[in-house]
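My notebook for today: I looked up the nonpolar core and the salt bridges. Here is what I wrote down.

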Amino acid sequence: EATTPEKVGSPAAGSPEEAAAVARFQEYWSSFTPERVHAKIREVYAADVWFDDTVKPVRGVGALEHYMVESAAGAESCTVEPEDWVRDELAEAMQVG
């Protein structure tokens with residue numbers, strides 16, 4: 001529960017803050033490179049982030065940065081294009097393709 005909406009907040013649906021958060025996420029993932037990870041990760045993920053991509057769970061933005069830099073360095077190319085955003089009472093989740 002490191003980064004629950006209750007702890008870090010959550011922008012209101014349709015708000016300018018939500019649009020800015022989505023834009024930061026899309027920019028971060030539009031080109032997955034070590035340079036982009038270093039430059040943008042703290043704009044997207046909370047300091048006490050808990051991240052689990054089913055390969056490796058990671059806690060804390062410093063550890064996530066290290067993991068992401070290693071992952072990006074090993075990828076020939078990688079982009080993520082959000083297809084849809086889903087909201088519910090307990091959490092916000094993104095479906096990507």
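**Entry: the core**

I started with the largest nonpolar core, which has 17 residues, and Tyr-28, Trp-29, Val-37, Ile-41, Tyr-45, Leu-64 and Met-68 touch the most other members. I noted that a nonpolar core is a set of buried Ala, Val, Leu, Ile, Met, Phe, Trp, Tyr and Cys residues joined through side-chain atoms within 4.5 Å. Buried means under 20% relative accessible area, exposed over 50%, and partly exposed in between (1.4 Å probe, protein chains only). The elements giving two or more residues to this core are α2 (16-29), α3 (34-44) and α4 (61-73), and α4 brings the largest share, 6 residues. Helices here are DSSP runs (H or I, at least four residues), numbered from the N terminus.

This is a predicted model: local features need pLDDT of at least 70, side-chain atom pairs count only at pLDDT 80 or more, and totals for chains, interfaces and linings use all residues. Residues are numbered from 1 along each chain as its sequence is written, and side-chain values use heavy atoms, with hydrogens and water left out.

**Entry: salt bridges**

I searched the whole structure and got 4 salt bridges (a side-chain nitrogen of Lys or Arg within 4 Å of a carboxyl oxygen of Asp or Glu). Glu-27, Lys-40 and Glu-43 are linked in a network of them. Lys-40 meets Glu-27 at 3.2 Å, N to O, and Glu-43 at 3.8 Å. Glu-65 pairs with Arg-42 at 2.5 Å. Glu-65 lies in helix α4 and Arg-42 in helix α3, so this pair ties together parts 23 residues apart in sequence. Glu-65 counts as buried at 12% relative accessibility, whereas Arg-42 is exposed at 52%.
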